[in-house]
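Let us walk through this model one chain at a time. Some individual residues will then get a closer look.

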Amino acid sequence: LPSLYEILDQLRFITRELAVLGLFLTGGLIVLVRDWRTSLLALLAQYLLAGFVLARLILPEVALIKVLVGALICPMLYLAARQAGWLADRGVFRVPDALANWVSPSRPHSWRRHAGQGMPMGTVPVPPREEDAWSDVFPAGLAFRLLAVTLMALLTVALSQTFPLPNIPPDVGLGSYWLILIGLLILMLTEAPLKAGQGLLTVIIGFELLYAPIERSLAMVWLWAVVNLLLTLAIAYLAVAHQDAGSPEGDL
Amino acid sequence: VIEPPLWLVILPMGAMPLVYLLRRWGVGAYLAALVALLTGLLAWSFPPTNPMRLMGRLFRLDPLTQHVMALLFVMAAILFLIAWRLPQGRAFFPLALAWLGLLAAAGMSRHLGISALMVTLAAISTTPIIQGGQPGSTRAAWRFLTMMLLALPFFLLAAWRVDLYREDVDNAIYLGQAALFLALGMSIWLAVVPLHGWLTAVGAGAPSLVAALALTGFPLLALVNLLQVLTEATWFTWTAQAGRLLLTAGLISAATGGLLAAVQRGFRPLMGYAALFDLGCLLVAMAVGGSNSALAFYAGLAIRGLGLALTGAATAAVQGWAGEDGFDGLGGAARRMPLATAALMAGGFTLAGLPLTASFFPRWLLFHDLAQANPRWVWLLVAAGVGVAVGYLRGLNGMLASPAEPVRGQQPRPSWLATAWLVALGLLTLGLGFFPGLLLQVAGHLLDVYPLPPF
């Protein structure tokens, strides 16, 4: 098997700047996309890209720990979303009802296609009011979120130039600012635990880009990993409780 | 050899798996209560201990942490016994034990980063019990989790700046930034207005006994950590500014808590705002700087636990009978549950600082010192306390009203054990109101061994 250093050498075409650019893309996707699977994939990519960035700043083994933690977090959230019976979207972005009917009048509503997924056997799926389901994830529309993301991008650039982060290269500082701001934006836009949880995790990844190069204690690295994993468990628990309004007992 | 203070972490954490397995039966609650009580007594009885090194970091059990942890463990033991009869979610017993162990570790740590990580882990372990198995809205648990997680980076950055200073004293220029990060993190932990959302949300959304424990434990640990920095850290030289900041934050929090408590429509949200008012009073007592207010501060730590335990338990009892905590739906409750109603009022009035309750004399001492600084601030705190009392009187009015539906009369009353604890806690607050000497004696002892910083 190739060693970690050999793998990193083979992936040297992914430069730090390219990885930071990727972080901009993944952060933006998490805000703009309603579909939870696309959103989770973007989060996974975010962990991988942050790992690439960190591998060039700290010991690659430590960066690998952070990537592995991310690789554990995303399946945990995926299982939570399945357990909660999250609805699938009509595409990556929300399409207005009239346009969707015009494009595909015979296409069944998403809840019909996916109702019952992740539910216990014998449970009769109850069709949710679609507007409620949409508005629960993101009450703001796509245009508003696009505008907010643009503003956050401008704010990121302004902040990284006015208050450059110490001890890390400027491009990594830019990525760190971006992830923290975009995570906070998600937290402001929604209180649905699965989506807002991705925002919280995004804030934490952004902070890790800043903090990992300055904290060299292995004990702190492990404690940080434990915090991340337990946080994901808490998010998963709340995501199930949030969607599980019909269940009589959701206790641990 | 295990250092003696580590038993405060090992005992609750070690008992957690067994309590989890037994959580569905009464024996689980009794075991959790026994472990918490024993650990509390152990914490209370420890002689002065030596510092320890774990993971390369310094840990020390100081008298303040020792007494605060003893208070929290004993309070948890009582709440565990009540929770067996007034169910709060079965995960309450094991996860609260884990929470207590993590808080003990956070209190003993002398590294800001480790303390913050431990408190964050404690917050994460509390999230499921704040939700308490309630399906639907996750607002309380989510807000609490988010705010606690957002506080963590500030503490880690402050710790990093302090570590840099310790390695090289030329880095003293960054200590101002460390103090700023610390202030931001502490503002969240201490629920300073306008960052108080987690505190009031937990009060309104969590099961009442869980809320009582969380609203006591997290702010008290935050105060312990703050005092450790202010009194022990050599790098912190902004004591006067910190005093002014704490005084302002305390006055604003107390005024906001009192004002909003008066207009609440349910006992659970009312408890959140009453807790905010009480926390504001504690901050003021800490910052005023006189000997009387220092006594009031240390006595106030214990009274907060007593007031919130009583209010939380009584609210849980009333809610268990009526199925809700809104004033409009509690008609007939006072007639059906006179002891629980009396306990609820005694707890609420304790938080408000009314005469004949445990908190009255310490508040009086605080006002004495505060009047020398600015008499108008005394009137502000008095008015805010009246606001909390008005909130509870409005609730009493709802409970004295005739029941809207006769069927409610058939619902079961709380068990004799829960009622007995309510009566005992109610008598304790009245007893300490009539004879405050005992509490002030303990506060005086604590003041001798761990004096407050001179602001």
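Start with chain A, where buried residues make up 50% of the 252 residues. The model is a predicted one. Chain A has 11 helices and 0 strands. Along the sequence, its pattern reads α-α-α-α-α-α-α-α-α-α-α. How do its contacts divide by sequence separation? Among contacts in chain A between residues at least 6 apart in sequence, 76% join residues at least 24 apart. Chain A exposes about 11900 Å² of area. Carbon and sulfur atoms supply 70% of that area.

One loop residue of chain A deserves a stop. A:Asn167 sits in the loop between α8 (142-162) and α9 (170-189) of chain A. Its phi is positive, about 70°, although A:Asn167 is not a glycine. Is this residue buried or exposed? A:Asn167 has a relative accessible area of 56%, so it is exposed. The cut-off for that label is over 50%.

Now turn to chain B. Chain B contains 18 helices and 2 strands. Its radius of gyration is 21 Å, close to the 23 Å that the globule rule gives for 455 residues, so chain B is as compact as a globular protein of that length. Along the principal axes, the C-alpha atoms of chain B fill a box of roughly 75 × 55 × 40 Å. Of its 455 residues, 65% count as buried. Take the contacts in chain B with a separation of 6 or more: residues 24 or more positions apart account for 80% of them.

The surface of chain B comes next. Chain B exposes about 16500 Å², and carbon and sulfur atoms supply 67% of this area. Chain B carries 23 positive and 14 negative charges.

Go inside chain B to helix α8, residues 197-205. Which residues of this helix are buried? They are B:Trp198, B:Leu199, B:Thr200, B:Ala201, B:Val202 and B:Gly203. What covers them includes α5 (112-131), α6, α7 (175-189), α9 (208-232), α11 (267-288) and α12 (291-322) of chain B. B:Pro194 is found in the loop between α7 and α8 of chain B. A cis peptide bond joins B:Val193 to B:Pro194, with omega at about 10°.

B:Thr138 lies in the loop between α5 and α6 of chain B. Its relative accessible area is 3%, so B:Thr138 counts as buried; the cut-off is under 20%. What does B:Thr138 touch, leaving aside its neighbours within four places in sequence? From chain A come A:Glu191, A:Pro193, A:Leu238, A:Ala241 and A:His242. From chain B comes B:Gln131. With A:His242 there is also a polar contact: the side chains of B:Thr138 and A:His242 are joined at 3.4 Å.

The other threonine is B:Thr146, in helix α6 (residues 139-167) of chain B. B:Thr146 has 8% relative accessibility, so this residue also counts as buried. Which residues is B:Thr146 in contact with, once neighbours within four places in sequence are set aside? The answer is A:Leu187 and A:Leu200, both in chain A. One of its polar atoms lies 2.7 Å from the backbone oxygen of B:Trp142. An α-helix has 3.6 residues a turn, so residues three or four places apart point the same way.

B:Trp25 is found in the loop between α1 (7-21) and α2 (26-45). Buried or exposed: which is B:Trp25? Its relative accessible area is 52%, so B:Trp25 is exposed. B:Arg90 is 65 residues away along the chain, yet the C-alpha atoms of B:Trp25 and B:Arg90 are separated by 9.4 Å. B:Leu356 has a positive phi, near 75°, in a residue other than glycine.

How values were computed
Residues numbered from 1 in each chain as written. Chains lettered and ligands numbered in written order. Heavy atoms only, no water. Helix = DSSP H or I, 4+ residues; strand = E, 2+ residues; numbered from the N terminus. Rg over C-alpha atoms; globule rule 2.2 N^0.38 Å. Buried < 20%, exposed > 50% of the residue type's maximum accessible area, 1.4 Å probe, protein only. Contact = heavy atoms within 4.5 Å. Areas by Shrake-Rupley, 256 points an atom, 1.4 Å probe, with all protein chains shown as cover. Lys, Arg positive; Asp, Glu negative; His and termini not counted. Charge placed at Lys NZ, Arg CZ, Asp CG, Glu CD. Polar contact = N/O pair within 3.5 Å; in protein donor to acceptor, adjacent residues only side chain to side chain.
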